[in-house]
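Thank you all for coming; I would like to take a few minutes to walk through one model with you.

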Amino acid sequence: MKSLDHLRETMRRDRVFDFMMPRIAFDPDLDTRHGPILYLEDVTVSFDGFKALNGLTLYIDDGELRCIIGANGAGKTTMMDVITGKTRPDSGSVYFGQRIDLLRRSETDIAQGGIGRKFQKPTVFESHSVYENLELAMASNKDVWPTLFARLSGAERDRIDEVLQTIGLGAESRRPAGLLSHGQKQWLEIGMLLMQNPRVLLVDEPVAGMTGQEAERTAELLTSLAGEHSVVVVEHDMEFVRSIARKVTVLHEGSVLAEGSMTEVQSDTRVIEVYLGE
Ligand SMILES: Nc1ncnc2c1ncn2[C@@H]1O[C@H](COP(=O)(O)OP(=O)(O)OP(=O)(O)O)[C@@H](O)[C@H]1O
Ligand SMILES: [Mg+2]
């Protein structure tokens with residue numbers, strides 16, 4: 001088992017290297033005065049000639065909770081890969097606020113600069129406590145890097161406690177993360193993202209494998225995060241989507257098929273034909 005000190009040391013070394021990376025966190029260029037925090041315009045991604053995204057145009061407003069639905073292969077995950085810099089499109093533009101061109105930023109820069117992504121499989125440090133996991137996540141946030149050299153300040157402990165409350169794991173804080181249920185691990189991972197103060201949270205299939213009760217709590221958690229954060233949720237579970245949905249975007253063959261309230265998209269004949277009617 002790696003000690004916490006060892007992890008701290010490793011992160012401190014990475015940090016020194018990291019100083020050389022360009023930064024967008026709290027960038028004065030992050031301009032959301034016109035409403036949207038994410039702009040995807042006419043984005044096309046091809047894999048061996050197959051267009052996973054095909055002229056995708058999508059805007060996410062600052063503070064909104066957006067659900068993205070669509071059949072398998074519609075391009076939902078690829079869309080997240082493009083926003084996070086993992087996949088570079090063949091054409092189109094992707095902006096964070098009005099001025100930050102995400103196509104010119106590295107994947108690390110985007111992750112540390114305010115766009116957090118939650119993958120389906122939780123990646124928590126199993127042998128460390130819930131509290132230590134949050135502490136380590138905070139340490140990878142460059143704005144608090146001096147904590148690596150010192151003990152946690154009162155403000156940092158307050159922030160960890162606040163996130164523990166938000167994710168509903170206050171009573172589990174001293175437990176090793178490996179002993180948590182699948183749902184609790186997912187919440188911890190969301191908490192770890194929150195420690196980095198992201199403006200945007202991208203969440204791919206958050207309730208897969210959860211019990212009904214866990215899914216309900218996840219719905220409450222994501223709903224509570226909107227406003228302060230912009231939250232983009234991809235999910236196949238329609239009951240879950242219905243429980244959190246405000247605006248829903250339906251992707252089909254790499255572009256937007258329909259957009260609107262859940263009631264609107266559910267009664268759209270094209271949506272019923274290609275997705276909901278399956
Ligand atoms: N790296 C890749 N190389 C080749 N094809 C890919 C790659 N990534 C995705 N694809 C293809 O692009 C299409 C869109 O995939 P994507 O994973 O974005 O769909 P999705 O909407 O997330 O589907 P699901 O609901 O099954 O997760 C699929 O046909 C997929 O096979
Ligand atoms: Mg996917």
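Lysine 118 has valine 203 of β7 as its bridge partner, and this pair belongs to the four bridges by which strand β6, residues 115-118, is joined to β7 in a parallel arrangement. Before I go further, this is a predicted model, in which local features need a pLDDT of at least 70 and side-chain atom pairs count only at pLDDT 80 or more, while totals for chains, interfaces and linings use all residues. Residues are numbered from 1 along each chain as its sequence is written, and chains are lettered from A and ligands numbered from 1 in the order in which they are written. When I say helix or strand, I mean DSSP runs numbered from the N terminus, of type H or I with at least four residues for helices and of type E with at least two for strands, and two strands pair if DSSP finds at least two bridges between them.

With that in place, where does this pair of strands belong? Six strands form an open sheet with mixed pairing, in the order β6-β7-β8-β3-β9-β10. β6 and β10, the latter covering residues 255-260, are at the edges with a single partner strand each, so one side of each has no neighbour in the sheet. From one strand to the next, the twist averages 20°, with axes taken as lines fitted to C-alpha atoms, for helices over the stretch in contact, and angles running from 0 to 180 degrees between N-to-C directions.

Leucine 202 stands opposite valine 232 in β8, and aspartate 204 has valine 234 of β8 as its bridge partner. Between these strands comes helix α7, residues 212-225, and β7, α7 and β8 together make a right-handed β-α-β unit, right-handed meaning that, with the strands pointing away from the viewer, the path from the first strand over the helix to the second runs clockwise.

How well covered is β8? All five of the five residues in β8, residues 230-234, are buried, where buried means that 20 or more other C-beta atoms, placed from the backbone, lie within 10 Å of a residue's own. In a regular strand the side chains alternate between the two faces of the sheet. In β8 both faces are covered, with Ser230, Val232 and Val234 buried on one side and Val231 and Val233 buried on the other. For β7, four of its five residues are buried.

On its other partner, β8 pairs in the parallel sense with β3, residues 65-69, over four bridges, and isoleucine 68 stands opposite valine 234. Isoleucine 68 also has threonine 249 in β9 as a bridge partner, β3 and β9, residues 247-252, being joined in parallel by four bridges.

Isoleucine 244 lies in helix α8, residues 238-244, and it counts as buried because 22 other C-beta atoms lie within 10 Å. Leaving aside residues up to four places away in sequence, isoleucine 244 touches Leu65, Cys67, Ala219, Leu222, Thr223 and Val233, a contact being two C-beta atoms, placed from the backbone, within 7 Å.

Five bridges join β1, residues 36-47, to β4, residues 91-96, and one bridge pair is tyrosine 39 with tyrosine 95.

Seven of the eight residues of α2 are buried, among them Lys76, Thr78 and Asp81.

Finally, which residues surround ligand 1? They are Phe47, Ala52, Gly70, Asn72, Gly73, Ala74, Gly75, Lys76, Thr77 and Thr78, each with its C-beta atom, placed from the backbone, within 6 Å of the molecule. The largest share of this shell, three residues, comes from α2, residues 76-83.

Notes:
A residue is buried if 20 or more other C-beta atoms lie within 10 Å of its own, exposed if 12 or fewer, and partly exposed in between; C-beta atoms are placed from the backbone.
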